[in-house]
Amino acid sequence: MTSPSPALPDLTPAQRTEVELLARGKAEKSRTLRDLGQPETPEAAHALLLRLGLWDEARTPYADRLGAALQDVALPVPDFAPEPRLDLTHLPAFAIDDEGNRDPDDAVGLEALGGGLTRLWVHVADVAALVPPDSPLDQEARARGATLYLPDRTVGMLPDGMVERAGLGLHETSPALSIALDLDADGNADAVDVHLTTVRVTRLTYTQAQERLEAGEEPFVSLARLARASRELREGEGALSIDLPEVRVKADEHGAAVLPLPKPEMRFVVQECMTLAGWGAAIYADDHGIPLPFATQDAPTREVRGDTLPAQWARRKTLARTRFQPAPGPHHGMGLDLYAQATSPMRRYLDLVVHQQLRAHLNGGEALGGKAVAERVAQAGMNADATRQAERLSRRHHTLRFVAAQPEREWDAVVVDRRGPQATLLIPELAFDVPVSTPAAPGTALKVRLGDVNLPTLSVRARIVG
């Protein structure tokens, strides 16, 4: 696919630079492509560089084209300043992540209160203590919007040193911003509070936490019970459950791999705890008149029943995009009257703004006004959108590399949608969908081969074989 073509001339250094600029989205035209009778598009430039062997298949231009930052942040990370904190080091807390996770920024724990109440603690790395509003680190994070996760590398929203300084469980004790929810056995919240704390955190993988749950260990059994009760309450308020295949795509210069993402119950438990933390942060801010980038979502466009893959696929399409605004509003997809993303301030800029605002209130300082929050929402949202699109296109690119390396393989697929003669097939093992012409009804299981992989256009042809 990448061997040089004898029909094409060698490019001079100047011509190569010109073609590469177009492929990277940094130029709009290329005289070299025009002289060769090729379209002056980034895709055509990419294809030429592949044919000439000047780029290899591992090279992805999407972050460049979309303007997502590819350079690590070089700014220094300050030390934590001494300040009053609630000491919670006597309470066990667990940062539970995927194997190989390198930026532990949240942890969970329980505290028995008596009277049928249990306090859920969600501890979050106190990044805002080191990144005040409008500081150089804040401005850099705002310009990026979010950490960029590519299959072959990660480019942080903040310096790598921030993880070492603020990550939970990397030192004997850690500073945190902690959200407390006092819950009854049915998952109802009796009280919500936010504190600056010092915590002692143990790091676990989802597999390790699941083993402890299955062994009947506390607090994992109680965490799972509270998570189930909370989920039932939200579903009663209209929360949607969408269960589609998920994968992790890894790549380097030698090849790519697509690995199914396991879904043990503890993954759901942690997700539910993070959802509760976002709800709690939003309630606290609303009660105290603190403007936040509240996350809101309109009601689904229609109701879709069932748990089949076509139903899950259709249900996802009914969801409106989440919007962020300085005033609270309902998040219908989560079944919550108000919500704010609050558990990833190292990785998402608007989470960092939530922490900066809560921190200002806790310290008696002056929080940003609604207009300033709205300005940050607009700027960070635009930049984060570019980051997310670059991630999506890069994952597709490397998934196609993985597919191209095994052209004779047959893949299990399911028809999840159709429009006239055209159907959409979902390949669960790849979490990848492809169009195909077939009369098969939604829900039909098929076997397909994938061929004619074209990396510059991110396209592939599916052929039904059974």
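Is D452 buried or exposed? In this predicted model, D452 has a relative accessibility of 53% and therefore counts as exposed, the cut-off being over 50%. The residue belongs to strand β17, which covers residues 445–454. Its backbone is also of note: phi of D452 is near 55°, a positive value in a residue that is not glycine.

A positive phi near 55° is likewise found at L458, again in a residue other than glycine. L458 is located in the loop that connects β17 to β18 (459–464). With a relative accessible area of 11%, L458 falls under the 20% cut-off and is therefore buried.

The loop between α7 (206–214) and α8 contains P219, and the peptide bond joining E218 to P219 is cis, with omega at about 10°. Helix α8 itself comprises 17 residues, 220–236. From the first C-alpha to the last, α8 reaches 24 Å, close to the 24 Å expected at 1.5 Å a residue. Just after α8, a positive phi of about 100° occurs at G238.

The buried residues of α8 are F220, S222, L223, A224, L226, A227, A229, S230, R231 and R234. An α-helix has 3.6 residues a turn, so residues three or four places apart point the same way. Among the buried positions of α8 are L223, A227, S230 and R234. The buried set of this helix also includes two arginines, R231 and R234.

Terms used
Residues numbered from 1 in each chain as written. Predicted model: local features only at pLDDT ≥ 70, side-chain atom pairs only at ≥ 80, totals over all residues. Heavy atoms only, no water. Helix = DSSP H or I, 4+ residues; strand = E, 2+ residues; numbered from the N terminus. Expected span 1.5 Å × (residues − 1). Buried < 20%, exposed > 50% of the residue type's maximum accessible area, 1.4 Å probe, protein only.
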